[in-house]
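Hi,

Here is the structure I said I'd pass on. Have a look, and my notes follow below.

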Amino acid sequence: MYAAGLTKRFGDLVAVDRLDLELAGGEAVAIIGPNGAGKTTSLRTIALLTRPTSGRLTVAGMDARTHGTAIRHLVGVVPQHNALDRELCVRDNLVLYGRFFGLSRRASEQRAEELLDLMDLRHRAPDRVTVLSGGQARRLALGRALMTRPELLILDEPTTGLDPFARQAIWRRVRGLVAEGATVLITSHDMAEVERLCDRVLFLSGGRVVDEGTPAGLVERHCARSVLTARLRLNGPRPAPAELAGLGEFAVLEGDRVIVHTANAEPASAAVRDRLDPAAIEVRRSTLEDAYRRLALSTSGGR
């Protein structure tokens with residue numbers, strides 16, 4: 001898939017601003033950013049669910065302006081909110097979707113049987129969607145998107161609201177698809193999910209790509225080695241911004257906690273104890289969530 005200068009406007013609002021993106025087979029890429037950054041609109045535009053205002057989009061060498069119908073058969077979409085047919089059973093949800101996209105009845109039924117096993121839904125095949133757990137419904141939505149063996153799989157917040165076991169099950173299946181050569185494009189607010197699943201990350205703000213790279217690359221570029229979290233005492237004073245200066249490369253007050261990014265955790269911890277007298281201090285390695293916070297603060301004008 002290749003997008004160049006892809007733009008989507010809604011009146012005066014520029015939801016997607018000149019997006020450039022190239023995806024290869026066997027690659028998982030995430031688009032992240034704060035609410036309203038243009039993530040879902042970007043996915044909908046790439047999936048041809050909404051028409052771009054300008055720019056170029058090609059999938060499997062076909063131009064979206066002239067081969068929209070053919071491209072839609074090559075793209076599988078799992079939307080943020082399941083769009084399953086609640087009146088049908090699990091098996092029929094799969095079969096009907098395949099028939100809708102042109103598979104013969106025999107081919108659709110055969111593919112449905114394969115996906116019942118792949119998604120671990122064999123025991124739920126005759127049950128209506130209404131009795132499925134959240135994780136089972138999400139696996140069914142993913143299975144349905146795979147009915148036509150798409151070249152590009154688009155996942156919008158694939159594990160929102162799922163418990164850890166259901167989330168891990170989705171992660172395993174997505175990584176398995178990537179290992180088999182699928183191309184996957186994801187949006188998610190779960191940075192652990194992005195780190196686990198994705199090879200590259202694009203950070204959007206105001207519809208524009210602000211930065212991109214590997215998860216590890218973004219962490220290295222925007223974060224110090226360690227993050228120190230100091231929990232302030234319940235009835236103690238809250239430090240002014242000037243009191244945070246010099247505690248590390250970057251320090252910010254978030255509620256009852258002071259977050260310090262530092263390359264040298266030991267002296268930073270000592271300085272925090274002396275200056276703030278916190279109730280507790282925790283030190284850990286920087287993660288993609290920390291890089292996300294730094295990028296979100298910098299693009300919103302925060303400090």
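**What I found**

The chain has 11 helices and 14 strands, taken as DSSP runs numbered from the N terminus (helices H or I, at least four residues; strands E, at least two). Bear in mind that this is a predicted model, where local features need pLDDT of at least 70 and side-chain atom pairs count only at pLDDT 80 or more, while totals for chains, interfaces and linings use all residues. Residues are numbered from 1 along each chain as its sequence is written, and side-chain values use heavy atoms, with hydrogens and water left out.

On the overall build: the C-alpha atoms fill a box of roughly 75 × 45 × 35 Å along the principal axes. Among contacts (heavy atoms within 4.5 Å) with a separation of 6 or more, 68% are between residues 24 or more positions apart.

I also picked out arginine 196, which sits in helix H7 (residues 191-197). Beyond its neighbours within four places in sequence, arginine 196 is in contact with Gln168, Trp171 and Arg175. With glutamine 168 there is a side-chain to side-chain polar contact at 3.1 Å (a pair of N or O atoms within 3.5 Å; within protein, one must be able to donate a hydrogen and the other to accept it, and residues adjacent in sequence count only if both atoms are side-chain atoms).

Cheers
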